[in-house]
Amino acid sequence: MAVVEGLMQDYELSLQHVLWRIERLHQKKEVVTKRDEGIHRTTYGEMVPRINRLAGALKRLGVKPGDRVATLAWNNNRHLELYYAVPCMGAVLHTLNLRLFPQHLEFIINDAEDKVLFVDQSLLPLLKPLLGKIPTVETIVLMAEGPAPASEGLPQMLDYEKLLAAESESYPWPKLSERMAAAMCYTSGTTGNPKGVVYSHRSQFIHTMGVLQGDNLALQESDSLLPVVPMFHANSWGLPYAAGMAGSKVVFGGRFSADPKSIVELAEQEEVTFLAGVPTVWIALGAYLQESGKRLPRVRTVVCGGSAVPQSLMETMDSLGLRILHAWGMTETSPLGSVARVPAGTKPEDELRLRLTQGRVAPGVEIRISDPATGEELPWDGVAFGEIQVRGPWIARGYHNGYDPGKLTEDGWFRTGDVAKITPDGYILIVDRTKDVIKSGGEWISSVELENAVMAHPKIMEAAVIGLPHSKWDERPVVYAVAKPEFKDKVTQEEIVEFLKDKVAKWWLPDEVRFIDEVPKTSVGKFDKKVLRASAVPIKEGAAPAARK
Ligand code: ADP
C-alpha cells in the first residue's frame, strides 16, 4: 500500500514567528527596565524598528549565518532586542554569564568563537581582564548608560545607539531553516567545566509553546512578567520568547535584579503578576517582605527552579500570599523539564507534598530513571531511584565542540546526572545530583533532603550539606548552616541534631554542623558545594559525632 503523506505545510519553526507576533499583535505592550537613572519604558511597537536596525548593523559588521554574537548584559530592553535580532538574522545569540570568573569567560568566548560582543557599560570591568585573550572577537559594542566611560585601558568600541541610528527601520529577514542554531548557552558549571548547549530555532519555538501551556508555566497575555532569572541563565528559562509569543508585559530589573527591595518596588509599580527565579532569591525576598510588612497581592505565580524548593520556603511564601510553582530543568533541557502542578481532585492536605516534588514531565518530553550501575530502567514505584534520562524536541543531543559525548545513552536519551524516584502517577522526586549524593557505608544519603530538614529549623536561614571523607564510612554528611540574623551565635550543633532526630534516619544524622555567615553561591545563585568542599576541614573522626553525643 502506498504511504500517504500528510498535506500540511512545511512551515519552518523559527523565532521569526515570535518577532512577527510582537510586531503585528503586541505593539502596545510595554517593556520596562530599571536603570541607574530611573525607569526606562518602551513598547514592542517601538522596539521592532530598533530590532530591524540592529539586524542591519550586525550584517554591516560582517555577521554571517551561524556566527556567534555574544552578550554580556543584565536583564534589560537592549538585551531583549538582541534576543530577537541575532537569531532572526541567522546568527547565534551567545549569552555570557556575567557572574563567572574571568578565566571561565575567556574559555567560553574562545570555545564559542564569538565574533561580536555586546557589553553593558556597567560590565566593562568584567571585560577588561579578557582583552587580548579573546582573538575571535572582532568587534565590541558598548551599550552605554549615562556619560561615556573614560577610554583608558579600554578597547575600541562601537556605540550601540549610534550603530542603530545608521541603519534602516526595515530589514529583509532571511528564510531560515528550523534546524539552524539560534542561541547558545553554557552550563553554569556547578559540577564541572562549562559546556556549550546549542538551541535550534525549532527547539526554541516548541519550547516556547511548551512554556505557555496551561499545565506548564502558563504565562498569559494578561500577565506582567518580571523574570528575576538572568537572561544569561538558560535563556531566562525561555520566558522572554514566551512573553513575546503571548504578548505579556515584561519588566526587567537591570542590574538590580537580585535585590529584594528593588524586586518589590518594581513589582508594585508595574503591577507584576508573574515572577521567576531560583530559591535563594525567594528566601531573600520572603525575609524582606516579612521585615518590611509589604505584600505583593497581584502576583499570581512565582516560578521557582534551579534547585529544590525547601518546604520552609514554600510555606513562608504561602503565608505571604505568594504561590510558588516548582519547576525542574537544566540548561540542556532548554530548560523546562517538569512542573509541579497539583492534579484535580487532590485533597488539600496532600497539595503541599505534591507541590514540593519536581512535578510531572512537561508534554513533549519523555522521562525514565535508570540504574547507574547496570543502566537498567527502574520502575515508577516511588521507591527505586536512579539517574533521570530525558528525550524530546528541546533536549540537547550533544555539546558544542563535541564535549562529553557520554551524556547521550546509546538509545539516544540525555543523561541528566540527577538522581530521582518517580511515583506511579509520574511525580518526580529528585534525591540529589550524582555528584552531591553522600555515599555512607554503601548507602546513599540525599544532601538535598538533609538540607531541607535543617532549613526547616526556625533559627536557620540557609543550609548546605556535603559529604566529607571518612575512614570507616567512606563519606559522612556535614552541615554548613547560616543562622537567621536574630539567632546568630545563639544556635548550637546539638539543637540542630536533636531537631533532625525524628525527621531523618539515624544514620543520616550529620557528623558535624558548622555555622558560617553565608553559603557560597554559584554564578546563578545555587549553593556552591564545590567551594564548600574545597575549603572544608576534615571531619574530626576521633571526637564523638554530633549525632551520637
Ligand atoms: P548547572 O548544572 O551548571 O547548575 P543548570 O542551571 O543547567 O546549571 O542546572 C541544572 C541542574 O539544577 C539540574 O540538573 C538539577 O540538578 C538542578 N535543578 C534544577 N531545578 C531543580 C529542582 N526544581 N529541584 C532540584 N534540582 C534542580
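Mentor: Let us begin with a pairing: β24 and strand β25 (residues 512-515) run parallel and are joined by four bridges. The model is a predicted one, in which local features need pLDDT of at least 70 and side-chain atom pairs count only at pLDDT 80 or more, while totals for chains, interfaces and linings use all residues. Residues are numbered from 1 along each chain as its sequence is written, and side-chain values use heavy atoms, with hydrogens and water left out.

Trainee: What makes β24 and β25 a pair of strands?

Mentor: Two strands pair if DSSP finds at least two bridges between them. Here there are four bridges, in the parallel sense. Y480 stands opposite R514 in β25. The strands themselves are DSSP runs of E with at least two residues, and helices are runs of H or I with at least four, numbered from the N terminus.

Trainee: Which unit do β24, helix α15 and β25 make, and what does its handedness refer to?

Mentor: β24, helix α15 (residues 493-500) and β25 make a right-handed β-α-β unit. A crossover is right-handed if, with the strands pointing away from the viewer, the path from the first strand over the helix to the second runs clockwise.

Trainee: How is β24 linked to strand β23?

Mentor: Strand β23 (residues 460-470) pairs with β24 in the antiparallel sense, over ten bridges. I466 has V478 in β24 as its bridge partner, and a hairpin of three residues joins β23 to β24.

Trainee: Why is β24 called largely enclosed?

Mentor: Buried means under 20% relative accessible area, exposed means over 50%, and partly exposed lies in between (1.4 Å probe, protein chains only). In β24 (residues 474-483), eight of the ten residues are buried, so the strand is largely enclosed by the rest of the structure.

Trainee: How do you know that both faces of strand β4 are covered?

Mentor: In β4 (residues 92-95), V92 and H94 on one side and L93 and T95 on the other are all buried. Strand β3 (residues 68-72) runs parallel to β4 and is joined to it by four bridges, with V69 partnered by L93. The chain passes from β3 through helix α3 (residues 77-88) to β4 in a right-handed β-α-β crossover. β4 also pairs in the parallel sense with strand β8 (residues 181-186), over two bridges; H94 stands opposite M184.

Trainee: To which sheet do these strands belong, and what makes a strand an edge strand?

Mentor: Seven strands form an open sheet of mixed pairing, in the order β7-β6-β5-β3-β4-β8-β9. The edge strands, β7 (158-159) and β9 (196-200), each pair on one side only.

Trainee: What is meant by a nonpolar core, and what does the largest one contain?

Mentor: A nonpolar core is a set of buried Ala, Val, Leu, Ile, Met, Phe, Trp, Tyr and Cys residues joined through side-chain atoms within 4.5 Å. The largest has 114 residues; L58, F118, W282 and I388 are among those with the most contacts inside it. Helix α2 (residues 44-60) supplies its largest share, eight residues. Apart from it lies another core, of 32 residues, including V465, V479 and F527.

Trainee: Why is the pair of Y399 and F414 called edge-to-face?

Mentor: Rings of Phe, Tyr and Trp (its six-membered ring) pair if their centres lie within 6.5 Å; planes under 30 degrees apart count as stacked, over 60 as edge-to-face and the rest as tilted. Y399 and F414 are 6.5 Å apart centre to centre with 70 degrees between the planes, and are therefore edge-to-face. Y399 lies in the loop between β18 (385-391) and β19 (414-422) and F414 in strand β19, so the pair ties together parts 15 residues apart in sequence. Y399, at 8% relative accessibility, counts as buried, as does F414 at 1%.

Trainee: What makes K503 a charge over the ring of F499?

Mentor: The criterion is that NZ of Lys or CZ of Arg is within 6 Å of the ring centre and within 35 degrees of the ring normal. The charged end of K503 sits over the ring of F499, 3.8 Å from its centre. K34 likewise lies over the face of F256, at 4.9 Å from the ring centre.
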